Amino acid sequence: MKRHKIYDVYTEVPRTSIRLENIKDLFYPNEDTKGEFPRSILAIGKPGIGKTVLTEKILRDWANEIDEYYSDKIAFFFKLRWFNDNEKLTNLSLKTFLQLGTRLNEEKFESIYKEIAKEPQKAILIFDGLDEFHGNPISCFGQSTMIPDDPNTCMSAMNLFINLMLGNLLKRATVLVTSRLTADDFYSRLYFDRNVEITGFTQDKIEEYVSRFCDNNNRSDLKSRIWRHIKSSPELLNLCYIPVNCFIVCVILFECLSDPRNDIGAPPTTLTELYQTAVNQFEKYHHRNADRNPTMTEEALKELQRLAFGGMENGQLVFNQELFDEQMKTSGLLNSLPKPIFPNQTQFCFIHLTIQEFLAARHVTETLAPLEIKKFIFDHIRSGKWHLVLQFLAGLLGKKIKNFRREYTDCVFAFAERFQVTHGKIELNYNEVFVMTCLREVDDEEIVKDVCETTALNVVVHLHGGSHIVSPSEWAARKFVCKHMKNLELNKGEYYPSNIRSRSPTIIT
């Protein structure tokens with residue numbers, strides 16, 4: 001298809017899906033629940049698509065009772081990253097666990113617990129970020145098969161979560177879980193009454209977001225200019241369907257256009273370029289709003305990169321304050337956290353997990369030799385938690401090669417060596433499409449052409465359609481790679497979007 005058509009076509013909601021217009025509709029009966037109120041709900045989406053924002057909006061709607069559904073409910077909120085290797089969360093009663101989800105002291109929580117224990121249908125339990133829990137799902141389920149007869153029985157936070165999901169505790173409570181698609185090994189072991197996929201911004205929502213961003217920064221005069229830049233670039237428009245990318249694009253264009261001395265230059269066209277520019281701009285943006293002068297040194301940035309990588313390796317997304325000096329704390333790349341679990345400690349996390357993943361990728365390219373990078377790709381390409389790091393890594397390798405560092409070319413070929421080709425056919429599952437996305441991120445036609453001619457891609461005749469909903473960026477990546485596959489026979493029934501199959505039922509919001 002023509003490049004400018006890709007965005008419009010692939011953000012359309014599949015005809016077989018049910019579209020939810022309002023967040024409250026998550027909790028009401030529909031065709032997928034056969035007229036029953038859903039007790040368990042899974043909301044999946046790509047990095048930065050708005051899963052955490054969804055949970056925050058539910059909490060605000062509940063607090064403001066914007067719908068009668070919330071009027072007799074009590075909401076509890078948990079981040080599943082809290083459950084990672086935390087000794088304080090290994091031996092909890094249900095009461096103590098639920099108290100963590102309210103941030104109330106014991107005295108104020110007592111009456112709430114009595115009410116929920118008597119009428120569990122009043123509870124809305126929200127668990128954000130299943131992909132951010134880094135324990136072994138098999139061992140978690142193995143420890144959670146016993147049905148606890150006594151709510152005072154103590155167990156780990158993750159075991160309590162699974163028993164709540166299974167209905168072994170608070171049987172009639174409503175449980176909502178958010179996750180990236182990469183955690184399917186975990187959530188596929190659970191049954192959900194309702195499956196939701198967040199598909200991101202449509203073009204009109206991007207325009208609306210730009211307008212609100214400019215209003216919030218008291219520069220409504222920049223609305224049309226920023227929107228014109230985004231709309232005129234298919235690559236930028238493609239990136240902006242992810243809300244967090246849309247924010248980053250707005251920050252970058254706002255900084256460039258608000259000062260006439262700035263030359264906007266060529267806008268970013270890949271995710272890596274976008275985040276590279278973002279890291280450069282976020283500190284400036286942060287300090288401008290805080291009335292400070294930028295102070296972060298190259299050494300502070302390298303230390304942030306090292307911590308980001310170590311956190312990815314160890315499943316650590318929250319860090320103690322002792323690890324950060326003043327320059328790192330004021331970098332604009334960190335958030336100071338509320339402490340529902342550790343009230344006497346100050347902790348930090350990166351402003352978004354995608355920022356941590358980008359900095360981790362920079363650490364890899366700046367500290368490892370080409371052979372070590374190649375091994376890193378081999379070792380991690382089938383691990384979902386590393387996928388965005390690897391995509392950024394592909395983009396950073398492309399930049400190195402363009403700067404005449406040809407010794408990194410073999411690293412790019414390492415991605416293609418993971419294609420699984422059987423009798424000239426590739427089954428386009430999540431992993432295969434991801435490899436294509438990485439090759440697109442390299443942003444070098446000649447290298448991708450060489451990859452297609454000298455690896456197993458050279459014998460590929462057929463592509464078989466995948467089983468997940470394909471994003472605009474994934475379709476662009478497939479097109480970018482496929483045009484260099486000389487022996488590929490294009491079969492409309494296999495390749496075009498009308499035959500994309502999705503899990504049933506899938507609800508799009």
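Biologist: Which residues point one way from strand 4, and which point the other way?

Modeller: Ala123, Leu125 and Phe127 point one way from strand 4, whereas Ile124, Ile126 and Asp128 point the other way, and all of them are buried (under 20% relative accessible area, with a 1.4 Å probe and protein chains only). A strand here is a DSSP run of E with at least two residues, numbered from the N terminus. Please keep in mind that this is a predicted model, in which local features need pLDDT of at least 70 and side-chain atom pairs count only at pLDDT 80 or more, while totals for chains, interfaces and linings use all residues. Residues are numbered from 1 along each chain as its sequence is written, and side-chain values use heavy atoms, leaving out hydrogens and water.

Biologist: How many residues of strand 4 are buried?

Modeller: Strand 4, which spans residues 123–128, is mostly covered, with six of its six residues buried.

Biologist: In which sense does strand 4 pair with strand 3, and over how many bridges?

Modeller: Strands of a sheet pair through backbone hydrogen bonds, either parallel or antiparallel. Strand 3 (residues 74–79) pairs with strand 4 in the parallel sense over six bridges, where a pair needs at least two bridges found by DSSP, and Phe77 stands opposite Ile126 in strand 4. Strand 5 (residues 174–179) also runs parallel to strand 4, joined to it by four bridges, and there Ile124 stands opposite Thr174.

Biologist: What is the order of the strands in the open sheet of three strands?

Modeller: The order in this open sheet is 10-11-12, and the pairing is mixed. Strand 10 (421–422) and strand 12 (462–464) are the edge strands, each pairing on one side only.

Biologist: How many bridges join strand 11 to strand 12?

Modeller: Three bridges join strand 11, which covers residues 425–427, to strand 12, and these two strands run parallel. If you look for Lys425 in the structure, you will find that Lys425 stands opposite His462 in strand 12.

Methods: Buried means under 20% relative accessible area, exposed over 50%, partly exposed in between (1.4 Å probe, protein chains only).
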